[in-house]
Amino acid sequence: MNQLKELGNICYANGQYEHAIRKYKRGLDICGKQLPAFKAKTNITCIEEKEARSTQQQETESQTEMEAIHIALLRNCSAAYLKLQMWQDAIDTCSQALELDCDDIKALSRRGHAYEQLGEVKHIS
C-alpha cells in the first residue's frame with residue numbers, strides 16, 4: 001500500500017492525476033481488504049494474558065498504521081480529483097476520510113473547496 005501511495009505521489013507530482021488516482025485506488029482496495037482482518041484479530045484472547053497483551057498491542061499498532069495509510073490514500077485521491085475538477089468525487093473521497101478521522105484538516109479543507117466549486121456553500125463545515 002505504501003508503495004502504491006508513493007507511486008501515486010510520483011504520478012501526481014508529474015501532473016498525471018488519472019494515473020495517480022488509479023494507484024491510490026489500488027492501495028485503497030488492498031487496504032480495505034486488510035483492515036477488517038486486523039479488527040477481527042484484536043478480539044482474540046489467549047491463556048497467557050501478558051503474551052496476549054503484547055500481541056494485541058502490536059496488532060493495534062499495525063491497525064493504526066494501516067488506518068493512517070488508508071486515510072492518506074483517500075486524501076491524496078481527493079487532491080487528484082480536485083486537480084481534475086471532479087468535485088463530487090473529491091467530496092465523496094473526503095467524506096470517506098472524515099468517517100475515519102472527523103478532524104482531518106486536509107479532508108475538511110478539500111471537501112469544503114469542492115463544495116464551494118459546486119456552489120453548495122451551505123454544506124461547508
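Reader: Which residue caps the N-terminal end of helix 5?
Author: In this predicted model, Asp-104 is the residue that caps the N-terminal end of helix 5, with a side-chain oxygen placed 3.2 Å from the backbone nitrogen of Lys-106.

Reader: And is Asp-104 buried or exposed?
Author: Asp-104 has a relative accessibility of 6%, which is under the 20% cut-off, and so Asp-104 counts as buried.

Reader: What does Asp-104 form a salt bridge with?
Author: The partner is Arg-75, and the closest N and O atoms of the two residues are 2.6 Å apart. Because Arg-75 lies in helix 3 (residues 49-83), while Asp-104 sits in the loop between helix 4 (87-100) and helix 5 (105-117), the pair ties together parts that are 29 residues apart in sequence.

Reader: How many salt bridges does the count come to?
Author: The count comes to two salt bridges. Lys-5 counts as buried, at 16% relative accessibility, whereas Glu-6 is partly exposed, with a relative accessible area of 41%.

Reader: Back to helix 3, then: what does the side chain of Ser-78 reach?
Author: Ser-78, which is found in helix 3, has a side chain that reaches the backbone oxygen of Arg-75 at 2.6 Å. Ser-78 counts as buried, its relative accessibility being 0%.

Reader: Leaving aside its neighbours within four places in sequence, which residues is Ser-78 in contact with?
Author: With those neighbours left aside, Ser-78 is in contact with Ala-90, Thr-93, Cys-94 and Arg-110. Of these, Arg-110 is one of the buried residues of helix 5, along with Ala-107, Arg-111, Gly-112, Ala-114 and Tyr-115.

Reader: How many residues does helix 5 have, and what follows it?
Author: Helix 5 has 13 residues and reaches 18 Å from its first C-alpha to its last, which is close to the 18 Å expected at 1.5 Å a residue. After helix 5 comes Gly-119, whose phi is positive, near 75 degrees.

Reader: Changing topic, what pLDDT does the protein average?
Author: The protein averages a pLDDT of 83, and 74% of the residues score at least 70.

Reader: Where does pLDDT stay under 50?
Author: That happens over residues 36-50, for which the model has 12 contacts beyond four places in sequence.

Technical notes: Residues are numbered from 1 along each chain as its sequence is written. This is a predicted model: local features need pLDDT of at least 70, side-chain atom pairs count only at pLDDT 80 or more; totals for chains, interfaces and linings use all residues. Side-chain values use heavy atoms; hydrogens and water are left out. A salt bridge is a side-chain nitrogen of Lys or Arg within 4 Å of a carboxyl oxygen of Asp or Glu. Buried means under 20% relative accessible area, exposed over 50%, partly exposed in between (1.4 Å probe, protein chains only). Helices (H or I, at least four residues) and strands (E, at least two) are DSSP runs, numbered from the N terminus. A polar contact is a pair of N or O atoms within 3.5 Å; within protein, one must be able to donate a hydrogen and the other to accept it, and residues adjacent in sequence count only if both atoms are side-chain atoms. Contact means heavy atoms within 4.5 Å. pLDDT is the predictor's confidence in each residue, from 0 to 100. The expected span of a helix is 1.5 Å times one less than its number of residues.
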